[in-house]
Amino acid sequence: MGTRAVREASWASRGACRGADPELFFPEAPFPEQEARAKAVCAACPVILECRAYAVRAGERDGIWGGLTTDERRRLRFPPGWGRRAAS
């Protein structure tokens, strides 16, 4: 792992999810109650902003990162109208 990658992920060791079951954040079949439980862990996390920024920047496709689902992260990366042509 390169120096930048280590620096990039150093926040992860301080995450509130560190001791949690990964299935909570990466379920095979997500459901609303599971999502709410995962987001509750994230809400109390001291590194939620670092986690969220990493997931958006890295384009994480699965799981709940920084209190956001895949769809929520996608909306941050590609807001409405991002692909429309500019008016001439």
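Glu35, Lys39 and Glu72 are joined in a network of salt bridges, a salt bridge being a side-chain nitrogen of Lys or Arg within 4 Å of a carboxyl oxygen of Asp or Glu. This is a predicted model, where local features need pLDDT of at least 70 and side-chain atom pairs count only at pLDDT 80 or more, while totals for chains, interfaces and linings use all residues. Residues are numbered from 1 along each chain as its sequence is written, and side-chain values use heavy atoms, with hydrogens and water left out.

Let's start with Lys39 and Glu35, whose side chains meet at 3.5 Å, N to O. They sit four residues apart in helix H3 (residues 32-43), so about one helical turn separates them. Helices here are DSSP runs of H or I with at least four residues, numbered from the N terminus. Lys39 is partly exposed at 22% relative accessibility, and Glu35 is partly exposed too, at 29%; that label covers what falls between buried (under 20% relative accessible area) and exposed (over 50%), using a 1.4 Å probe and protein chains only.

Now for the other partner of Lys39. Glu72 pairs with Lys39, with the closest N and O atoms 2.8 Å apart. Glu72 belongs to helix H5 (residues 70-77) and Lys39 to helix H3, so this pair ties together parts that are 33 residues apart in sequence. Glu72 has a relative accessible area of 22%, which makes it partly exposed.

The structure holds three salt bridges, and one of them links Asp71 and Arg74, with the closest N and O atoms 2.7 Å apart. Both lie in helix H5, three residues apart, or about one turn of the helix. Asp71 is partly exposed at 42% relative accessibility, as is Arg74 at 44%.

Definitions and conventions: Helices (H or I, at least four residues) and strands (E, at least two) are DSSP runs, numbered from the N terminus.
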